[in-house]
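Hi everyone, thanks for making time this morning. I'd like to walk you through a structure, stopping at a handful of places along the way. Here it is on the screen.

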Amino acid sequence: MAWPQLGNLVAQKKRPILKWVGRTVYGLMGWKLDGNLPNTPKMVVVAVPHSSNIDFILALSIIWGWGIRVNFLGKHTLFKFPHGFFFKGVGGIPVDRRTPQGLVTKMTEEFSKRKELILGIAPEGTRSSNGRLKEGFARIAQAASVPVIPAIVNYKTRTISIGTVIDDLSSVNGIIDAVKEQALLGARRAVVKA
């Protein structure tokens with residue numbers, strides 16, 4: 001698989017060994033990557049659907065294989081000793097879902113402080129979701145004025161497709177609807193290809 005070239009503004013890490021590991025694992029799993037990230041230093045990437053335990057391995061393989069620097073939100077229980085060191089080391093930011101107050105403000109401040117930030121979020125929040133997307137990602141993007149990019153996980157075609165940029169941030173519901181629409185189109189493509 002040929003990996004798309006990233007633009008010069010996208011947050012990147014030059015780690016050749018991790019790049020090799022990521023590309024090797026992704027290839028051995030038999031997955032493909034379709035599309036490219038926009039050439040912008042700040043964005044919220046939303047992965048939909050989040051329905052399998054392998055989602056994290058796929059995401060980490062892409063992050064390492066592409067050489068991008070990504071932070072992601074994860075449930076706070078992942079960050080407990082001893083594995084908490086690993087999750088923080090790969091860019092994790094703990095979120096206690098029982099008390100999510102202040103998360104939008106915290107992430108907006110992070111976007112404001114940094115020159116570049118790619119924030120990865122699984123907006124369903126859990127693998128056992130009914131497909132409902134939580135609003136947090138849209139509120140963060142709207143408050144920080146950064147585009148949203150859907151990453152559509154298609155298990156039938158074993159493809160992760162980078163969707164089109166959502167930069168109309170005027171409505172939280174509009175952002176969510178745009179992500180759902182792109183995810184639905186990705187699912188339809190899987191049926192056609194199968």
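Let's begin at Arg 132, which is exposed, with a relative accessible area of 52%. The cut-off for calling a residue exposed is over 50%, so Arg 132 falls on that side of it. Before we go further, please keep in mind that this is a predicted model.

Where does Arg 132 sit? You'll find Arg 132 in the loop between strand 5, residues 117–121, and helix 5. Setting aside neighbours within four places in sequence, Arg 132 is in contact with Pro 123 and Glu 124. If you look over to Gly 174, 42 residues away along the chain, its C-alpha atom is separated from that of Arg 132 by 14 Å.

Now follow the chain into helix 5, because I want to show you how helices pack here. In general, two packed helices are described by the angle between their axes and the distance between the axes. Helix 5 covers residues 136–144, and its partner is helix 4, residues 103–113. Their axes come within 9 Å and cross at roughly 45 degrees, and helix 4 and helix 5 are therefore oblique to each other. The crossing of these two, helix 4 and helix 5, is right-handed.

Which residues make the contact? From helix 4 we have Val 104, Met 107, Thr 108 and Phe 111, and from helix 5 come Arg 139, Ile 140, Ala 143 and Ala 144. Sorted by class, this contact of helix 4 with helix 5 has six nonpolar residues, one polar and one charged.

There is another helix pair to look at, helix 1 and helix 2. Helix 1 spans residues 16–28 and helix 2 spans residues 55–66. They pack at an angle of about 135 degrees, and their axes are 7 Å apart. So how are they oriented? Helix 1 and helix 2 are therefore oblique to each other, and their crossing is left-handed.

For those of you with the viewer open, the helix 1 side of this contact is Leu 18, Lys 19, Val 21, Gly 22, Arg 23, Val 25 and Tyr 26. The helix 2 side is Ile 57, Leu 58, Ser 61, Ile 62, Trp 64, Gly 65 and Trp 66. By class, the contact of helix 1 with helix 2 divides into nine nonpolar, three polar and two charged residues.

Is Leu 9 buried, exposed or partly exposed? At 39% relative accessibility, Leu 9 counts as partly exposed. Not counting residues up to four places away in sequence, Leu 9 touches Asn 39, Thr 40, Pro 41 and Glu 116. Leu 9 and Arg 69 are 60 residues apart in sequence, yet their C-alpha atoms are 12 Å apart in space.

Now for some backbone geometry. As a rule, most residues other than glycine have a negative phi, and most peptide bonds are trans. With that in mind, have a look at Pro 49, in the loop between strand 2, residues 42–48, and helix 2. The peptide bond from Val 48 to Pro 49 is cis, with omega near -15 degrees. The bond from Phe 81 to Pro 82 is cis as well, with omega near 5 degrees. Pro 82 lies in the loop between strand 3, residues 70–75, and helix 3, residues 84–89.

What about phi? Ser 145 has a phi near 55 degrees, a positive value in a residue other than glycine. Ser 145 is in the loop between helix 5 and strand 6, and at 57% relative accessibility it counts as exposed. Arg 158 also has a positive phi, near 55 degrees. Arg 158 belongs to the loop between strand 6 and strand 7, and at 39% relative accessibility it counts as partly exposed.

My last stop is Thr 159, found in strand 7, residues 159–162. At 8% relative accessibility, Thr 159 counts as buried. A polar atom of the Thr 159 side chain lies 3.1 Å from the backbone oxygen of Thr 157. Apart from residues up to four places away in sequence, Thr 159 touches Trp 31, Lys 32, Asp 34, Ile 152, Val 153 and Asn 154.

How values were computed
Residues numbered from 1 in each chain as written. Predicted model: local features only at pLDDT ≥ 70, side-chain atom pairs only at ≥ 80, totals over all residues. Heavy atoms only, no water. Helix = DSSP H or I, 4+ residues; strand = E, 2+ residues; numbered from the N terminus. Buried < 20%, exposed > 50% of the residue type's maximum accessible area, 1.4 Å probe, protein only. Polar contact = N/O pair within 3.5 Å; in protein donor to acceptor, adjacent residues only side chain to side chain. Contact = heavy atoms within 4.5 Å. Axes fitted to C-alpha atoms, helices over the stretch in contact; angles between N-to-C directions. Parallel < 35°, antiparallel > 145°, perpendicular 65-115°, else oblique. Left-handed = near helix turned anticlockwise from the far one by under 90°. Nonpolar A, V, L, I, M, F, W, Y, C, P; charged D, E, K, R; others polar.
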